[in-house]
Amino acid sequence: MSDNFIEEIVEADNTSGKWNGRVHTRFPPEPNGYLHVGHAKSIVLNAGLARKYGGKFNLRFDDTNPAKEEQEYVDSIINDVKWLGGDFEGRLFYASDYFGQMYTWAEQLIEKGKAYVCDLNADEMRDYRGTLDKPGRNSPFRDRAPAENLDLFRRMKAGEFAPGAKTLRAKIDMGSGNINLRDPVMYRIIKEHHHRQGDTWCIYPSYDWAHGNEDSLEQITHSICTLEFENHRPLYDWFLNELGVYHPQQIEFAKLQLTYTVLSKRNLLHLVKEKYVRGWDDPRMPTLSGMRRRGYTSEALRAFCDEIGVTKNESVIDVGRLENAVRTHLNATATRKMAVLNPLKVVLTNYPEGQVEQMEVANNPEDPAAGVRSVPFSRELYIERDDFMEEPSKKFFRLGPGREVRLRGAYFVTCTNFIKGADGQVTELHCTYDPASKGGNSPDGRKVKGTMHWVSAPHAVTAEVRLFDRLFAAEFPGKAHEGVEMPFLKDLNAKSLEVVGNAKLEPSLGHVNPGERFQFERLGYFTVDLDARVGAQVFNRTVALKDAWVKEQGAEEAPAAPVAAPKAAKAEKKVEPAAPPAEIEFGDFTKVQLKAGRVLAAEKVEKADKLLKLSVDLGEGTPRTIVSGIAEAFAPEQLVGRNVVVVVNLKPRALKGIESRGMILAAGSGKGLQLINPGDVAPGSDVK
RNA sequence: UGGGGCGUCGUCCAAGGGUAGGACAUCAGACUUUGACUCUGAGUAUCGUGGUUCGAAUCCACGCGCCCCAGCCA
């Protein structure tokens with residue numbers, strides 16, 4: 001069974017005998033940066049094809065440009081490919097090892113009259129190339145005799161000419177609609193030190209010339225690359241045909257794109273060079289080394305790549321899918337531990353002073369074979385500050401005055417008192433425990449809603465915990481800032497790293513090693529960072545657990561009355577008065593999508609008494625422009641900073657020539673108009 | 001003188017003339033010694049308009065939208 005269109009091609013080829021049943025793929029990175037999750041898709045695809053069809057998979061460095069390539073990158077790439085499980089079985093190749101063969105082939109094309117040495121400089125060549133809709137002109141050097149070309153080319157190789165002075169070009173068609181066919185450059189003069197060849201060469205093959213040659217020499221069957229090379233396929237084919245050599249098939253697929261993520265080596269390099277992150281392996285980076293340091297597993301990455309599929313559609317994958325794949329694997333494999341990030345001291349007033357009990361706790365409820373461990377329990381504990389509320393709401397299942405909860409694997413405890421510091425902050429809780437509930441069950445069958453994690457205060461290990469959030473705050477980084485240089489930098493998330501210096505951990509976490517992964521119960525998955533030392537542990541949060549309570553809180557904070565009104569009523573009454581919507585079908589009521597927004601700016605619309613032009617943040621990165629007929633009731637300055645409810649899925653429409661994308665919900669009319677308030681929620685929150 | 005590619009739930013991916021299906025997300029519920037996991041249920045999609053056909057996401061025509069290409073980068 002084929003899983004995607006490429007496998008269909010492979011299976012058809014196997015059926016027809018096109019490659020005699022062989023399947024041979026490759027991953028051909030240029031060593032000019034670290035590998036990222038987009039490369040993972042390609043590696044998993046190529047290596048997976050080889051594995052599935054009993055074929056082979058090569059790792060090959062496409063090192064044809066000494067100006068950009070470094071040994072450091074080669075080393076990291078080899079390491080990352082292996083980590084991901086790309087099994088090249090020792091078939092590690094370098095394009096630079098084929099430079100001799102490629103040179104010989106180039107001379108053949110020259111002798112055939114299919115390539116020529118051109119003296120045009122870069123500017124002139126651009127001029128001669130024409131434009132997208134204008135054909136190019138032949139170079140004045142196009143008709144040099146093969147013998148002259150051969151002589152010139154040999155002298156290029158011998159280093160007689162300055163960089164940029166001459167190129168070797170394929171003689172194809174300056175009139176082609178495909179610009180790649182307008183006599184592309186095969187060799188350019190570069191006088192730089194090559195990471196493997198040293199100063200042996202001063203002419204270097206261009207991608208188009210080199211790549212097919214490399215594939216051919218390695219007897220690749222299916223040469224898989226990304227969509228932007230589709231325009232280059234005619235060239236790939238042309239070179240191999242002219243040479244009359246073994247000719248693999250190039251197949252293109254859509255590269256991976258992720259929301260909230262930047263995946264281009266150029267931009268990632270910028271983040272590293274300008275120190276926006278701590279390095280290529282910063283845990284916030286989408287690099288394989290960054291994700292590994294953060295605690296992502298290669299199994300999760302492979303599962304993710306398998307799940308998202310392979311097509312030619314340029315799709316953007318919700319980064320939540322990646323996080324989900326990580327959670328799924330870690331849930332099944334990670335040892336559970338208890339850790340308190342934001343400690344609040346609890347004293348069990350009826351627990352004997354000085355007593356310590358060892359409580360047995362499961363290492364992984366998902367995997368009974370993981371066994372149990374002992375965790376010390378004593379009179380003074382730490383719990384998570386968030387797990388106590390002075391005035392808890394009904395839906396809060398955790399501790400509050402008079403409330404009883406279970407301490408995981410230990411006892412039921414009831415809060416009897418709390419102590420506040422001078423600043424009004426709660427500093428300590430007094431609780432009583434029920435000795436009969438040891439292990440976490442009460443003999444009388446009484447139930448508690450909440451189970452909480454805890455750490456014995458005198459036994460706790462203090463450690464640093466690094467909480468990572470997405471590096472970018474916008475779904476499509478940079479999209480809202482087109483035109484500026486490096487626009488994605490504008491969307492950097494200022495809160496992408498939070499360092500907790502005073503986390504209290506169960507004692508077993510005091511002696512763990514970098515790379516080990518755990519679930520801190522109720523918090524998320526964590527791994528020991530490379531910076532960790534004995535006595536100074538450092539943990540990275542890989543990914544948080546899903547948290548229904550966070551959502552619940554969001555719902556609670558919103559005022560109930562207006563938003564809880566039936567949707568039909570909203571659609572009937574609370575519409576924008578100045579511009580009533582077109583009649584919609586009854587069934588359309590349920591299609592209305594409401595989100596909370598914050599007004600960033602407001603101004604009057606010229607020649608319109610009732611209209612205001614608003615800029616509303618809906619958590620989408622780019623604020624939306626919404627024209628609303630509420631000028632009679634509100635002055636522009638009254639609106640800035642206010643939270644509003646916006647119908648977000650309306651077709652954009654033009655009001656007084658301004659495109660309005662969405663509608664503000666309001667009730668009443670004229671000066672008595674009231675805006676519907678979504679409460680104090682983040683822009684972009686769903687309103688139901 | 002332009003050339004090449006792509007359009008299916010909110011997001012990804014299936015269905016290749018025969019009941020538009022799955023995953024993620026969302027919502028509702030069950031379970032729970034992790035508000036996790038697991039389980040159950042719900043809603044939402046074939047870019048448009050014509051045509052061919054008993055029957056079209058699929059074939060045809062004409063539109064529309066988006067992406068890539070004018071490096072001596074890959």
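F153 is buried, at 0% relative accessibility; buried means under 20% relative accessible area, exposed over 50%, and partly exposed in between (1.4 Å probe, protein chains only). The model is a predicted one, in which local features need pLDDT of at least 70, side-chain atom pairs count only at pLDDT 80 or more, and totals for chains, interfaces and linings use all residues. Residues are numbered from 1 along each chain as its sequence is written, chains are lettered from A and ligands numbered from 1 in the order in which they are written, and side-chain values use heavy atoms, with hydrogens and water left out.

The ring of F153 has a partner. The rings of Y103 and F153 have centres 4.9 Å apart and planes at 15°, so they are stacked. Rings of Phe, Tyr and Trp (its six-membered ring) pair if their centres lie within 6.5 Å; planes under 30 degrees apart count as stacked, over 60 as edge-to-face and the rest as tilted. Y103 is also buried, with a relative accessible area of 9%. The pair links distant parts of the chain. Y103 belongs to helix 4 (residues 99–111) and F153 to helix 6 (residues 146–157), 50 residues apart. Helices (H or I, at least four residues) and strands (E, at least two) are DSSP runs, numbered from the N terminus. Both rings are members of one aromatic cluster, formed by F99, Y103, F153, Y187, W201 and Y204. The structure holds 23 aromatic pairs.

Charges also sit over rings. This requires NZ of Lys or CZ of Arg within 6 Å of the ring centre and within 35 degrees of the ring normal. The charged end of K166 sits over the ring of F161, 4.3 Å from its centre. For R292 and the ring of W83, the distance to the centre is 5.0 Å.

RNA strand B is surrounded by 68 residues. A residue is near the strand if one of its heavy atoms lies within 4 Å of it. The closest are D133, G175, R336, R398 and G439. Sugar and phosphate account for 61% of the RNA strand B atoms that come within 4 Å of the protein. By class, the surface near the RNA has 19 nonpolar, 25 polar and 24 charged residues. Here Ala, Val, Leu, Ile, Met, Phe, Trp, Tyr, Cys and Pro count as nonpolar, Asp, Glu, Lys and Arg as charged, and the others, Gly among them, as polar. Helix 5 (122–129), strand 6 (185–189), helix 12 (319–333) and helix 13 (548–557) each supply at least two residues of this surface. Helix 5 gives the largest share, 4 residues.

A polar side-chain atom of T64 lies 2.8 Å from a phosphate oxygen of RNA strand B. A polar side-chain atom of R129 is likewise 2.8 Å from a phosphate oxygen. At A122, a polar backbone atom is 3.4 Å from a base nitrogen of RNA strand B.

Strand 16 (residues 404–407) has two faces. Strand 16 runs antiparallel to strand 17 (residues 412–420), joined by 3 bridges. Two strands pair if DSSP finds at least two bridges between them. V405 has V413 as its bridge partner in strand 17. The two strands form a hairpin with 4 residues between them, and G409 in the turn has a positive phi of about 70°. Strand 16 also pairs with strand 19 (residues 451–452), in the parallel sense, over 2 bridges. There R406 stands opposite T451.

An open sheet contains 7 strands in the order 10-23-24-25-21-22-11, with mixed pairing. Its edge strands are strand 10 (335–337) and strand 11 (339–340), each of which pairs on one side only. Strand 23 (residues 517–520) and strand 24 (residues 524–528) run antiparallel, joined by 4 bridges. F518 has F526 as its bridge partner in strand 24.

Two residues other than glycine have a positive phi. D183 has a phi near 50°. D183 lies in the loop between strand 5 (167–170) and strand 6, and is buried, with a relative accessible area of 1%. Q219 has a phi near 60°. Q219 lies in the loop between helix 7 (207–217) and strand 8 (222–226), and is partly exposed at 37% relative accessibility.

How values were computed: A polar contact is a pair of N or O atoms within 3.5 Å; within protein, one must be able to donate a hydrogen and the other to accept it, and residues adjacent in sequence count only if both atoms are side-chain atoms.
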